[in-house]
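Here are my notes on the model, point by point. Please read them with the structure open.

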Amino acid sequence: MGPHRSCDDRSVTSPQQTPEPHGHDHGHGHGSGPSHGHGGGHGHSHGHGPAAPVSRHLRKVIAAVLIPFATAVVVGLVVLWPGGTPAHERTGVGFDRQTEQGEVVSVEHVDCKDVNAAQVPPTGDTSTPEGREAVNAQQGQCGKATVEVTSGPDKGRRFVEIVQPDAPRQLHEGQGVVVAYAPDAPHDLQYSVTDVNRKVPLAVLAGIFAVVVVLVGRMRGVMALIALAASFLVLTLFILPAILEGSNPLVVAVVGSSAIMLIALYMCHGLSARTSVAVLGTLISLMLIGLLGSVFIDWASLSGNTDDNTGLIHGLYPEIDMSGLLLAGIIIGSLGVLDDVTVTQTSAVWELHQADPGMGPRRLYRAAIRIGRDHIASVVNTLVLAYAGAALPLLLLFSIAQSSMGTVANSELVAEEIVRTLVGSIGLVASVPVTTALAALVVSADRPSPEGGKPAAVRGGRRRRAK
């Protein structure tokens with residue numbers, strides 16, 4: 001019977017484990033010295049085992065910090081748990097529209113002049129963008145698509161959609177579409193195509209992602225997918241409805257992100273002192289991000305209401321604090337990268353201690369922080385480029401307007417992204433020394449007592465891996 005496997009597919013060995021018979025001890029050292037058995041093993045080594053379990057006293061100290069925190073998170077979830085998304089009267093604007101599924105039955109090409117007769121420009125002036133657009137609407141071949149509604153009470157109803165030749169989205173026969181319903185409009189204009197149906201390609205892509213994660217990550221990959229699903233449930237069932245119900249967005253984000261952090265880290269990396277140190281490092285970094293975000297959002301006078309979507313949210317739910325919503329987004333958005341960094345740094349410290357148990361906290365910190373600096377350089381660059389890529393169309397608009405860099409940065413839309421990026425990056429950078437110092441102190445302060453006169457931490461397979 002092999003050792004029990006944790007979610008990260010590593011063997012878990014009890015500190016009271018009974019030594020193997022001498023006939024199978026080829027992979028172990030003898031006495032209290034390091035192992036020398038590198039050859040002739042029978043596959044019984046523990047080469048993939050985690051660091052030796054910490055002492056009971058140290059586990060109590062870590063539990064004394066984390067149990068009250070976890071209890072506070074549970075209490076926060078119970079107190080703030082929403083009764084559901086508040087109802088409101090639909091405005092018919094943007095995403096706040098009633099939609100159904102549809103399918104393009106046929107498409108025929110007609111002269112644009114015939115279908116755009118009502119759009120003849122009042123003057124022949126083509127010097128303005130409006131004039132040129134009106135004239136162009138009279139030229140070329142337009143698509144006249146017949147669309148059938150395939151869901152809802154009007155299933156089977158058909159309507160006509162005119163597609164201009166320069167439209168970015170062209171329709172073709174058999175294509176699935178999303179149609180908007182406007183009950184107050186004239187009968188022939190109640191339905192219109194608003195988007196295409198992308199469910200199949202998105203589902204296939206999600207399936208490929210899941211398969212790749214499981215094939216490469218194996219059991220850890222499976223647990224990561226489960227943790228991802230749990231995070232999504234916390235986001236959709238708690239965070240979003242609670243904010244819409246009027247709860248403070250910052251408080252909701254802190255409670256929700258803390259719940260996501262506990263679920264994801266312990267589910268993927270096991271209930272251990274190493275994971276607990278990563279949780280503490282992540283928590284301290286999130287607190288720093290929240291503090292910095294609150295200060296600079298207020299100092300920079302960022303309202304959080306910068307585009308059509310946030311404007312619509314503010315119009316539907318004026319009681320929502322939009323600047324608080326911005327801060328909540330910064331905290332939640334930083335959580336995923338923080339998890340990665342804190343887990344990596346904690347594991348690095350544990351592995352360094354395992355390779356040389358005589359290293360003190362200062363030497364452990366110095367060795368592990370060198371790994372962290374490499375991680376910082378790549379991850380910070382990733383964050384900045386990710387935000388720049390998302391805002392690329394906006395940056396292009398500023399470039400077209402020939403605005404100076406100072407003007408661009410000073411606009412609220414860009415300033416919001418700058419604050420989001422820099423605050424998250426500062427928290428990310430700070431998490432490296434904080435988590436490394438915590439892990440170095442914890443692992444070097446721990447001295448598990450030997451069982452049966454032999455050191456509990458001696459495992460020949462580890463030396464085999466460090467070879």
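**Notes on helix packing, the sheet and confidence**

1. Helix H5 spans residues 249-269 and helix H8 spans residues 322-355. Their axes come within 9 Å and cross at roughly 20°. Angles under 35 degrees count as roughly parallel, so H5 and H8 are roughly parallel to each other. The crossing is right-handed.

2. Which residues make the contact between H5 and H8? From H5 come Pro-249, Leu-250, Ala-253, Val-254, Ser-257, Ile-260, Met-261, Leu-265 and His-269. H8 supplies Gly-324, Leu-325, Leu-327, Ala-328, Ile-331, Ile-332, Leu-335, Asp-339 and Val-343. By class, that is 14 nonpolar, three polar and one charged residues.

3. H5 also packs on helix H6, residues 273-299. The angle is about 155°, with the axes 10 Å apart. That makes H5 roughly antiparallel to H6. The crossing is right-handed. On the H5 side, the contact is made by Ser-257, Met-261, Leu-262, Leu-265, Tyr-266 and His-269. On the H6 side it involves Thr-275, Ser-276, Ala-278, Val-279, Thr-282, Leu-283 and Leu-286. The class count is eight nonpolar, five polar and no charged residues.

4. H4 is another partner of H5: the two axes come within 9 Å and cross at roughly 165°. Angles over 145 degrees count as roughly antiparallel, and H4 and H5 are therefore roughly antiparallel to each other. H4 passes H5 in a right-handed crossing. Residues of H4 in this contact include Arg-220, Met-223, Ala-227, Val-234, Phe-238 and Ile-243. Among those they meet in H5 are Val-252, Val-255, Gly-256, Ile-263, Ala-264, Met-267 and Cys-268. The contact has 18 nonpolar, four polar and one charged residues.

5. Ser-257 and His-269 take part in the contact with H8, in the contact with H6 and in the contact with H4. Met-261 and Leu-265 are listed for H8 and for H6. Pro-249 and Ile-260 are listed for H8 and for H4.

6. Now the sheet. Five strands form an open sheet in the order S3-S2-S1-S4-S5, with antiparallel pairing. Which strands stand at the edges? They are S3 (158-163) and S5 (191-196). Each has a single partner strand, so one side of each is left without a neighbour in the sheet. The twist averages 45° from one strand to the next.

7. S1 (residues 98-111) and S2 (residues 141-149) pair in the antiparallel sense over nine bridges. Ser-106 has Thr-146 as its bridge partner in S2. For Val-107, the partner in S2 is Ala-145. S2 and S3 run antiparallel and are joined by six bridges. There, Val-147 has Phe-159 of S3 as its bridge partner.

8. Finally, confidence. The protein's mean pLDDT is 77, and 75% of its residues reach 70 or more. Helix H4 (residues 199-244) has the highest confidence, at a mean of 92. Helix H13 (residues 460-466) has the lowest, at 40. Over residues 1-52 the pLDDT is below 50, yet this stretch has 94 contacts in the model beyond near neighbours in sequence. Residues 449-467 stay under 50 as well, with 47 contacts beyond four places in sequence. Where pLDDT is low, the predicted coordinates should not be read in detail.

Conventions:
Residues are numbered from 1 along each chain as its sequence is written. This is a predicted model: local features need pLDDT of at least 70, side-chain atom pairs count only at pLDDT 80 or more; totals for chains, interfaces and linings use all residues. Side-chain values use heavy atoms; hydrogens and water are left out. Axes are lines fitted to C-alpha atoms, for helices over the stretch in contact, and angles run from 0 to 180 degrees between N-to-C directions. Helices (H or I, at least four residues) and strands (E, at least two) are DSSP runs, numbered from the N terminus. Angles under 35 degrees count as roughly parallel, over 145 as roughly antiparallel, 65 to 115 as roughly perpendicular and the rest as oblique. A crossing is left-handed if the near helix is turned anticlockwise from the far one by less than a right angle, and right-handed if clockwise. Contact means heavy atoms within 4.5 Å. Ala, Val, Leu, Ile, Met, Phe, Trp, Tyr, Cys and Pro count as nonpolar, Asp, Glu, Lys and Arg as charged, and the others, Gly among them, as polar. pLDDT is the predictor's confidence in each residue, from 0 to 100. Two strands pair if DSSP finds at least two bridges between them.
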